[in-house]
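Please have the sequence and the structure open while reading.

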Amino acid sequence: MRPPAVPSRAALGRFVTVATLHVALACARPLPAPRPPAVAPSPPPPASAGEPRSPGAPASSEPSAAEVHPGADPAAAGSAEDGASAAEQLEPAASAGPPPPFRAPLPGPDLPRAAPARRIADLSPAACRAELARSGLPVERDRRPTPGVATATRVTGPFHGVRLVVPPRSSPYGVLDCRLALALGELAALLAEHGVVAVRIDNTYRPRSRLPGSRRPSQHNYALAADVTAITLADGRTLEIERDWPAAIGTPACGPEAELGSDTPEALELRNLVCAIVARQLFHHVLTPNYDVAHRNHLHLDLQRDNARGNIR
Ligand SMILES: [Zn+2]
């Protein structure tokens, strides 16, 4: 395990400017505080999906939850801060400040029974349909043949004010199982707190998809996975996974040892968002560009029934 790197002074300085108010919270708990609302006028969010889509990268391999979870490591976080303090003696203005939210320790891989991912994934079809009806989320049933899917639904409007840009009804790739719809509702509520207005999802359902090099089905086979390619903020900026997350395959995505690999504000904001999603335990598996080259351009988020562990890679 290599020692935690000290954040660059530029990155720390930028963080101080955007998150001064969150100093106490960032160290005390894994979830980043919401960003202030953006103000700049800007281009509109991405156009509605209409064109045919490639299903993106091959289905995720199904990670074993025991691996690579950044986990909690307060000692490492302390070391990072110690390093910053040492630098601060030379240039206090440039180096002071807490670690950015994406470096906060994450919960471990064990998912409590009440974690959203586990609670939702284990719902029966009938229980899910009842909860979805109560949620008021704008979805409709899709009663066309969707092999492998327990309850096929389609997005018909914004979730908690967040537009989900998904494949059109003419495409099979936009089918969501009822449970994925509920999880995306939780995701949208979280992202709305952070000033997100749209999420672009390349695909959710890929019939008969298999894990790479395996006969085992991908969670896309059940319409229980979403491949997110971009996130649009209220100020009009779009965080593109491929552009704003330089892949560093095999390295931690979140936690005290995570590195951005970029000095842009977009890279920092994207990483903070993704690590907030992970901290909230909304999905079983979160695969990022740091996982493998097939995920260089999207985040894979999935649910899995009867699984008490989750991870991010
Ligand atoms: Zn995927």
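In what order do the strands of the open sheet of three strands lie, and is the pairing parallel or antiparallel? The order is β1-β2-β4, and the pairing is antiparallel. The model is predicted, and the description below should be read as such.

## The three-stranded sheet

Strands of a sheet pair through backbone hydrogen bonds, either parallel or antiparallel. Here the edges are formed by β1 (139–141) and β4 (176–177), each of which pairs on one side only.

Strand β2 covers residues 152–155 and runs antiparallel to β1, to which three bridges join it. Within this pair, E140 stands opposite R154 of β2.

## The α6–α7 helix pair

Two packed helices are described by the angle between their axes and the distance between the axes. For helix α6 (residues 125–135) and helix α7 (residues 178–193), the angle is about 40° and the axes are 9 Å apart. The crossing of α6 past α7 is left-handed.

On the α6 side, the contact is made by P125, C128, R129, E131, L132 and S135. On the α7 side, C178, R179, A181, L182 and G185 take part. Sorted by class, the contact contains six nonpolar residues, two polar ones and three charged ones.

## The chain as a whole

The chain has nine helices and ten strands. It consists of 313 residues, of which 46% count as buried.

Among contacts in the chain with a separation of 6 or more, 77% are between residues 24 or more positions apart.

Technical notes
Residues numbered from 1 in each chain as written. Predicted model: local features only at pLDDT ≥ 70, side-chain atom pairs only at ≥ 80, totals over all residues. Axes fitted to C-alpha atoms, helices over the stretch in contact; angles between N-to-C directions. Helix = DSSP H or I, 4+ residues; strand = E, 2+ residues; numbered from the N terminus. Left-handed = near helix turned anticlockwise from the far one by under 90°. Contact = placed C-beta atoms within 7 Å. Nonpolar A, V, L, I, M, F, W, Y, C, P; charged D, E, K, R; others polar. Pairing = 2+ DSSP bridges. Buried ≥ 20, exposed ≤ 12 C-beta atoms within 10 Å, placed from the backbone.
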